[in-house]
Amino acid sequence: MMMRASQWLLPTTLLVCIAYSQTTPVPAPPAVQPPPSAAPTGTAIPSAPPLPGESQPPTPAPAIQAPQEIPNDQGILPGQTVDQVMQEGMAFRAQAEAEPPGQKQTIYYAEAVKRFAQVYSSDPTNVEAMLQIGEISMLRNDTINGREYFARVIRIEGKNFRANRGMGEFYLLTRYFRQAVPFLEVAVEAAPADRLGETYRMLAAGYYETRYFEKALVTINKAYELMPNNALVADYRTRVLLTMVKLEDARIAASDLIEITRRAVAGKAHDKELVKQHMRAFDLKVDVLTAFHNSLHLKNAKNEVTDQPLPGKEQEIAKVLNEIVETRVGQLPIINTLALLDVVPLAQKAIQYSGGNPEYMWTLAKICVEARLFGDAMGLLEKILQVDPQNQKAREALAQLQAEVQAMQAGAAQQPPGAAPGGQPPTGAPAPRPAGAAPQPMPGSRP
């Protein structure tokens with residue numbers, strides 16, 4: 001007799017443990033001697049010119065330390081060519097970017113910088129070598145060297161896209177937003193088509209943080225036109241609309257953001273950062289709805305929102321309150337998924353240390369189904385059958401899960417192109433299951 005999903009799925013506590021990982025800072029590469037045209041190091045960063053309409057000049061950034069020395073005394077060795085050394089540097093950079101943060105990535109980045117520094121030592125006007133050093137420095141959170149080398153490029157090529165974008169990124173990261181804007185305005189004008197949307201987003205951030213909200217909205221809308229499925233762009237656009245109290249537009253944008261993040265999670269339910277991004281989209285929609293709710297109430301003499309509805313707005317308030325409730329309820333499966341993802345590593349270690357205990361694998365399989373990691377669940381059931389080929393419960397559960405995935409694939413093939421999936425999609429299956437649908441139950445609670 002088949003049991004319902006609720007009879008075998010693990011009960012889960014709706015708690016989310018958010019861990020912040022820290023990586024060991026990579027030692028910064030040292031500094032080259034600046035070319036004769038370079039400004040003395042240790043001086044204050046020049047302030048950006050005031051934006052149109054400013055009555056006060058922006059606060060200048062404080063003096064920065066000199067960039068640390070990059071080992072560059074070697075230059076191009078006999079038998080080498082600039083092209084060869086540059087290609088070696090780019091290959092090391094590609095290897096570093098393919099690695100997760102850690103020692104190997106640090107070594108590859110250091111080897112890449114060493115090659116580009118050789119080229120720069122031989123030719124201090126080599127723009128590509130300086131750009132590579134600047135970009136790698138930013139990737140390693142070495143913003144001081146990043147800024148220094150981007151500035152050197154700008155002295156040679158004032159409208160270089162990568163250098164101006166890098167300078168804009170430096171000032172955004174260091175929160176000198178007015179200084180960021182002029183560089184990003186140049187970067188937008190020089191941006192190639194495949195980088196324009198992201199550069200518009202950065203420029204919108206500069207405008208927003210300097211309180212040029214109309215410019216921020218126009219700019220983020222341009223980014224959204226180019227990147228309608230980018231969650232960062234959609235998130236920022238929603239926040240700009242909320243700040244400008246364009247609540248109807250913000251309400252629509254927040255709903256769009258939820259669908260964008262839902263699609264991003266599709267097939268990647270194991271990616272905790274994407275799941276968190278989806279969670280934040282719901283939080284932002286609640287913020288928008290709360291602001292909308294408050295706008296439907298009277299204010300007191302201190303301009304504070306009271307609990308007294310505006311005359312005739314009771315039904316509209318009820319509708320907004322119900323939407324807030326539905327949004328919060330929609331977050332519950334995401335909270336559940338985050339809690340499950342926290343315990344997956346523990347269950348994996350239990351299996352490892354036990355030498356592949358089938359009971360522990362069964363437990364993890366149930367967790368994976370609850371988290372909609374169906375591909376992982378099927379893999380675990382197959383391993384149980386390898387250990388115990390006579391395990392009838394595992395065999396039946398695997399057959400049922402395979403049938404469920406096939407049904408989802410068939411259902412997805414019948415959906416119109418671009419249809420938004422409902423609910424959290426599984427890992428290992430190309431199409432998500434319908435909202436609220438549960439997989440066929442795995443029989444029994446033990447293998």
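Biologist: How many helices and strands does the protein have?

Modeller: The protein has 16 helices and two strands. Keep in mind that this is a predicted model.

Biologist: What share of the residues counts as buried?

Modeller: Of the 447 residues, 45% count as buried. Look at the contacts too. Among those with a separation of 6 or more, 63% join residues 24 or more positions apart.

Biologist: What should the 20 residues of H3 span?

Modeller: They should span 28 Å at 1.5 Å a residue. The end C-alpha atoms of H3 are 29 Å apart, which agrees.

Biologist: Back to H5. Why is it described as largely enclosed by the rest of the structure?

Modeller: Ten of its 14 residues are buried, so H5 is largely enclosed. The cut-off behind that word is a relative accessible area under 20%. The buried residues are Thr 143, Asn 145, Gly 146, Arg 147, Glu 148, Tyr 149, Phe 150, Ala 151, Arg 152 and Val 153.

Biologist: Which helices do the buried residues of H5 pack against?

Modeller: They pack against H3 (103–122), H4 (127–139) and H6 (161–173). Now turn to H3. What covers its buried residues includes helix H2 (82–98), H4 and H5. Among the buried residues of H3 are Tyr 108, Tyr 109, Phe 116 and Tyr 120. Gln 105, Arg 115 and Gln 118 of H3 are buried as well.

Biologist: How do I read a pair of packed helices?

Modeller: Two packed helices are described by the angle between their axes and the distance between the axes. Take H5 and H6. Their axes come within 9 Å and cross at roughly 145 degrees. The crossing of H5 past H6 is left-handed.

Biologist: Which residues of H5 and H6 meet?

Modeller: From H5 come Thr 143, Arg 147, Phe 150, Ala 151, Val 153 and Ile 154. From H6 come Arg 162, Ala 163, Asn 164, Gly 166, Met 167, Phe 170, Tyr 171 and Leu 173. The residues of this contact divide into nine nonpolar, three polar and two charged.

Biologist: Next, charges. What is the general idea behind a salt bridge?

Modeller: Side chains of opposite charge can pair when their charged atoms come close. In this model the count comes to 18 salt bridges.

Biologist: Which side chain does Arg 162 meet in a salt bridge?

Modeller: Arg 162 meets Glu 135, at 2.7 Å from N to O. Arg 162 lies in helix H6 and Glu 135 in helix H4, so the pair ties together parts that are 27 residues apart in sequence. Arg 162 is partly exposed, at 23% relative accessibility. Glu 135 is buried, at 17% relative accessible area. Both belong to a network of salt bridges that links Arg 93, Glu 97, Glu 128, Glu 135 and Arg 162.

Biologist: Is Val 245 buried or exposed?

Modeller: Val 245 is exposed, with a relative accessible area of 58%.

Biologist: Where is Asn 303 found?

Modeller: Asn 303 is in the loop between strand E1 (297–299) and strand E2 (305–309). Its phi is positive too, about 65 degrees, and it is not a glycine. Asn 303 is exposed, with a relative accessible area of 53%.

Technical notes. Residues numbered from 1 in each chain as written. Predicted model: local features only at pLDDT ≥ 70, side-chain atom pairs only at ≥ 80, totals over all residues. Heavy atoms only, no water. Buried < 20%, exposed > 50% of the residue type's maximum accessible area, 1.4 Å probe, protein only. Helix = DSSP H or I, 4+ residues; strand = E, 2+ residues; numbered from the N terminus. Contact = heavy atoms within 4.5 Å. Axes fitted to C-alpha atoms, helices over the stretch in contact; angles between N-to-C directions. Left-handed = near helix turned anticlockwise from the far one by under 90°. Nonpolar A, V, L, I, M, F, W, Y, C, P; charged D, E, K, R; others polar. Salt bridge = Lys/Arg side-chain N within 4 Å of Asp/Glu carboxyl O. Expected span 1.5 Å × (residues − 1).
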